[in-house]
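Dear colleague,

I am passing on the structure we spoke about, and I would be glad if you read it alongside the notes that come after it.

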Amino acid sequence: MHEMTIAASLHESLAEVVERERATAVSRVRVRIGALTCIQEEALRFGFEALAQGTPAEGCELEVISVPARGACDACGWTGEVTDPILFPCPQCGQVPVRMTEGRDLVLESATLETP
Amino acid sequence: MTEVRIERPLLEQTDRAAAEARARYGEQGLYVLNLMSSPGAGKTSLLERTLERLGDRLRIGVIEGDIQGSADAERVARFGAPVHQVNTHGSCHLDPRQVTAALPELGDGALDLLVIENVGNLVCPAEFDLGEHARVMLLSVPEGHDKPGKYPLMFQTSDLLLINKVDLLEACDFDPDEATRVATTLNPALDVLRVSCRTGEGLDAWCGWLEDRVRRFRETR
């Protein structure tokens, strides 16, 4: 359940943005989560909503953009999407494992703010 | 209504706290180890055996992370090392800020080595940098040799894998070669040692690994 920590961190960042922009509320938040992060979207939503109570982000919509894992093979130069990231063998030459190049994202991308 | 682009890593505060802590440990000449495993793999027993062997050569401090209770800190305190228990109250991992806050509790004496015993869990602690210089993980024989393929991040981010409880190899269907093969495929830089905290097998090699790391850390300062 480290999703709770991620959700707390998300609210910490949102609070800073709300203060800086002098906003009254947050209506929408977009986060980008890579397939290699082992973050469960439902657990993150649960934590985000629980911690939003009583903050300017209460009732705000959480949009999650999933980023697939991508890899590159150092032996033959193959690049592409990786479906099973654990010990994924290169579909072109069979080398194990393919080096992961994308899918580690854990980013607060944007927030839609209500301003007076 | 305005949409603001933010593009900020979600663990930015945590990662920044870890980087600052690591810089401070470097200035103090304090080598920091993050010790991780599932519950019951033998982290506290390893600490006890390590304090017995290295306690007169290195000044070792210990931070114990547990969801609740102070049983582990009491065990370690018997060996005379300064120790402080951190309770995470339900959280499945330690945070770098919890470690920084706990450090003054170890007293004013200078230390060579700080061992952080993380919360027993093969998943979440792997995601959180505590500002450590090395990660050591234990995999115990009764857990099964299939764990590297099931919990890859822990194996990918560790510097040393200790296969513990090798005295139980005959009683369990654990293939240490297979565990080593998968773990080092996931992480070619991973060192692997086989130990038993009960019989003492392999503990000299472990203490040698640790002393070597501390010595090299001092030489680069």
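What follows goes through the two chains in turn. Please keep in mind throughout that this is a predicted model.

In chain A the secondary structure comes to two helices and six strands, and, read from the N terminus, these elements follow the order α-β-α-β-β-β-β-β. A compact globule of 116 residues would have a radius of gyration near 13 Å, whereas chain A has 18 Å; its C-alpha atoms, taken along the principal axes, fill a box of roughly 60 × 25 × 15 Å.

Chain B holds eight helices and eight strands, and its C-alpha trace spans about 65 × 45 × 40 Å along the principal axes. The radius of gyration of chain B is 18 Å, which agrees with a compact globule, because 221 residues packed in that way would give a value near 17 Å. Buried residues make up 54% of chain B, and, among its contacts with a separation of 6 or more, 72% are accounted for by residues 24 or more positions apart. Finally, chain B has 25 positive and 36 negative charges, whose mean positions are 2 Å apart.

Conventions. Residues are numbered from 1 along each chain as its sequence is written. Chains are lettered from A and ligands numbered from 1 in the order in which they are written. This is a predicted model: local features need pLDDT of at least 70, side-chain atom pairs count only at pLDDT 80 or more; totals for chains, interfaces and linings use all residues. Side-chain values use heavy atoms; hydrogens and water are left out. Helices (H or I, at least four residues) and strands (E, at least two) are DSSP runs, numbered from the N terminus. The radius of gyration is taken over C-alpha atoms; the globule rule is 2.2 Å times the number of residues to the power 0.38. Buried means under 20% relative accessible area, exposed over 50%, partly exposed in between (1.4 Å probe, protein chains only). Contact means heavy atoms within 4.5 Å. Lys and Arg count as positive and Asp and Glu as negative; His and the chain ends are not counted. The place of a charge is taken as NZ of Lys, CZ of Arg, CG of Asp or CD of Glu.
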